[in-house]
Protein chains: 2
Amino acid sequence: MGGAAIETSTETPEISPPSTRTRLLGAAKDLFQSSGFHAVGVADILAAAAAPKGSLYHHFPGGKDELGAVAVGRIAADVTGFIEARAAAGAKGAVIVGQLAEMCARRMENVDFRWSPLIAAVASQAGADTPRLAAAVVAAYAGWQAQLEKVFAGEGLAGAKASGAAQLSVLALEGAVILARVQRNAAPLRSLAPLIAGFTAPERP
Amino acid sequence: MGGAAIETSTETPEISPPSTRTRLLGAAKDLFQSSGFHAVGVADILAAAAAPKGSLYHHFPGGKDELGAVAVGRIAADVTGFIEARAAAGAKGAVIVGQLAEMCARRMENVDFRWSPLIAAVASQAGADTPRLAAAVVAAYAGWQAQLEKVFAGEGLAGAKASGAAQLSVLALEGAVILARVQRNAAPLRSLAPLIAGFTAPERP
DNA sequence: CATGCTATGGACCGTTCGGTCCAGAGGTGC
DNA sequence: GCACCTCTGGACCGAACGGTCCATAGCATG
């Protein structure tokens, strides 16, 4: 394990070793998105990350729950970053959602629909026994929605309308991902862009 | 593989013992919708149904997988029946979807969002290790979509448009259920009716 | 009554689960 | 050198998992 490289790209204000912890998170992200939370065992994550058990519980004393929560946070941050970048580039909200959907579609097609982006697969499994995971999921959805709402508002939609459009975007994306995965067909994802565009179009006379 | 002829065995075709098999199915339906597939153990189902283990594997030799598949078939049939009834009564597609959403909203509010209708919670967990469950989920979505498509077509929408509207209805319902559950707020569900209505409104001249 | 079949009641099984514990490697400051 | 700390490696654990097995209860038949 080369310890020379230092990645400061992530948060963790303290000294942050890039190696094991990062690999654990990467493996967790990938596996949770592939199979959901309950279907993945810590042994699977450990194997994928080539890490021993002790390391996991050293870096994540909260165990699987905490690992899942942080992983969801990372996934959410990926999406958040994408939205932010596109918004900064001046893209309209409907376009951003369309690009997000197209990205999801491509990635799912590439792996034969054995994996799905976003967190729908995890969202429906967070319960009282996994408080941190549940909180992370709530935060992720709230974050996306708030961000999109700002974008929509920025392009002139009235408050309630912007909020509704943001909510619709998130729910449609998650629903489309589920449907696409089950049907092994990206069509639902590709139907989103015109839908959002229509919803956010200026009022009809 | 296509059709996925899941034997839903509608309503006790033989001598009807209202007993063990029915209780098992009811418990399975409820628990899977509450917590998803992997999070529920057969012991939980057994306890909720007050049935011994032997009975489960007598009635469902395929084990948990088969039980889940049949349970999903029942859930799907419930919804199918509702759509059929409303359609027969002459309701428009958009209205039916709105009523479905409102029904979901009410039920989720009643149990403080600890339970969700439909099968989103199960859909994202069906994998290669649960072939029957996966097939049942596919069949459920396909069934709803086909049924709604027929309703939309019946009220004058062109083929592609009717198909799109049906797909949108299903994906939006599932997405809204997930979002509503996570946020503990039925607002996403209540935003659906106008959305579908707008989408299926007659083309502007 | 004897037979045969379905359904039930649990004891029991091997596996896998998430989690704990501790010995020690490797670095850093005194 | 020594003490101290973070991090790694993996043996180990009790509990829970899904599933098998069989004795037998109930109830139709011959």
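Ala, Val, Leu, Ile, Met, Phe, Trp, Tyr, Cys and Pro count here as nonpolar, Asp, Glu, Lys and Arg as charged, and the others, Gly among them, as polar. This is a predicted model: local features need pLDDT of at least 70, side-chain atom pairs count only at pLDDT 80 or more, and totals for chains, interfaces and linings use all residues. Residues are numbered from 1 along each chain as its sequence is written, with chains lettered from A and ligands numbered from 1 in the order in which they are written.

Start at DNA strand C. It has 17 residues around it, and A:Gly41, A:Gly63, B:Thr20, B:Pro52 and B:Gly54 come nearest. A residue is near a strand if its C-beta atom, placed from the backbone, lies within 6 Å of it. H3(B) gives the largest share of this surface, 4 residues. The surface near DNA strand C divides into 5 nonpolar, 8 polar and 4 charged residues. Helices (H or I, at least four residues) and strands (E, at least two) are DSSP runs, numbered from the N terminus.

Now DNA strand D. Of the 20 residues around it, A:Thr20, A:Pro52, A:Gly54, B:Gly41 and B:Gly63 come nearest. Here H3(A) supplies the largest share, 5 residues.

Turn to the protein contact. It takes 31 residues from chain A and 30 from chain B; two residues are in contact if their C-beta atoms, placed from the backbone, lie within 7 Å. On the chain B side, H6 (120-123), H7 (131-154) and H8 (159-183) each supply at least two residues. H8(B) gives the most, 13 residues. That side of chain B holds 17 nonpolar, 11 polar and 2 charged residues.
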